[in-house]
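Reader: I have a structure to look at and some questions about it. Can we go through them one at a time?

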Amino acid sequence: MTQATVTTGPAARAVGAKKYYGEGDTEVRALDDVDVEFERGKFTAIMGPSGSGKSTLMHCQAGLDTLTGGQVFIGDTDLSALSERDLTLLRRDSVGFVFQAFNLVPTLSALENITLPMDLAGVTPDQEWLDEVITTVGLADRTNHRPNELSGGQQQRVAVSRALASRPEIIFADEPTGNLDSTTGTEILAFMKQAVDNLGQTIVMVTHDPLAAAYADRVIFLADGKVVDELLDPDVEQVLDQMKKLR
Ligand SMILES: Nc1ncnc2c1ncn2[C@@H]1O[C@H](COP(=O)(O)OP(=O)(O)OP(=O)(O)O)[C@@H](O)[C@H]1O
Ligand SMILES: [Mg+2]
């Protein structure tokens, strides 16, 4: 059983997480002893200047990259203790991803794209849940369309639905609204927030956009590979102030 089944405690956490590149004078500490918890059923944004370690933290936390030292957990599973095969299964069963580029398969319909990861895993989708996700994202009348017949926002909604469909422990989103106009971006953010508030999903999102971060329940700020601050129930002004201090 590789799926993280724990339902208490944080959905994910890093303990003394270190990621170093290079050696000696050229050493870069992309993550410099990071301790952070991602609470279950919450929407967390990760912000910070370019090069502060946001993507590194997300990739290591999601099991897409390995640490130089320390530990990362999904539920109570220590990712460094897993074999390559078990890590692959955990990523498949417990983690959802949304990328800046929607990464949809052009020859498949919206519905086929949404169920693709489960089809590949040989898992039968929970039809009731699938219907709820598709209705919530407002795609009910678009499920038979191919990606090129959908707007950018609709395509990203397919990508978010795909991440939600298997009810993963946690969804990691890397600049999910980076390629969208502001109206469409707002739609996606509102939907992700709804997935957290109404469906109990846990989401961690990297963003540069204070407007996007304000949708989150909490914002953590990175600088030089360290967590330097956080805001709870942030508003745009507070996020902007915090970012000015970090520049
Ligand atoms: N493969 C690598 N080899 C060497 N250094 C790397 C590598 N990947 C990342 N780094 C360095 O690690 C640091 C953190 O990079 P990371 O991509 O996590 O930053 P980021 O906060 O996501 O920045 P951005 O906002 O520009 O996406 C940077 O100094 C970067 O140059
Ligand atoms: Mg990055």
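Reader: How do the residues of the shell around ligand 1 divide into nonpolar, polar and charged?
Author: This is a predicted model. The shell includes Val28, Gly48, Ser50 and Lys54. By class, the residues of the shell divide into 3 nonpolar, 7 polar and 1 charged.

Reader: Which element gives the largest share of the shell around ligand 1?
Author: Two elements give two or more residues to this shell: E2 and helix H1 (54-61). Among the residues around ligand 1 are Lys54, Ser55 and Thr56. The largest share is 3 residues, and the element that gives it is H1.

Reader: Which residue in E4 is the bridge partner of alanine 12?
Author: Strands of a sheet pair through backbone hydrogen bonds. E1 and E4 pair in the antiparallel sense. In E4, the partner of alanine 12 is isoleucine 74.

Reader: Do strand E3 and strand E9 pair in the parallel or the antiparallel sense?
Author: Strand E3 covers residues 43-47 and strand E9 covers residues 218-223. One bridge joins isoleucine 46 to isoleucine 220 in E9. Over 4 bridges, the sense of the E3 and E9 pairing is parallel.

Reader: In the hairpin of E9 and E10, which residue takes a positive phi?
Author: E9 and strand E10 (residues 226-232) are antiparallel and pair over 6 bridges. The hairpin has 2 residues between the strands. The residue with a positive phi, near 50°, is aspartate 224.

Reader: Which residues is serine 161 in contact with, leaving aside its neighbours within four places in sequence?
Author: Threonine 77 is 84 residues apart from serine 161 along the chain, and their C-alpha atoms are separated by 25 Å. Contact asks for C-beta atoms within 7 Å. The residues in contact with serine 161 are Ile114, Val133, Ile134, Val137 and Leu139.

Notes
Residues are numbered from 1 along each chain as its sequence is written. Chains are lettered from A and ligands numbered from 1 in the order in which they are written. This is a predicted model: local features need pLDDT of at least 70, side-chain atom pairs count only at pLDDT 80 or more; totals for chains, interfaces and linings use all residues. Two strands pair if DSSP finds at least two bridges between them. A residue is near a molecule or strand if its C-beta atom, placed from the backbone, lies within 6 Å of it. Ala, Val, Leu, Ile, Met, Phe, Trp, Tyr, Cys and Pro count as nonpolar, Asp, Glu, Lys and Arg as charged, and the others, Gly among them, as polar. Two residues are in contact if their C-beta atoms, placed from the backbone, lie within 7 Å.
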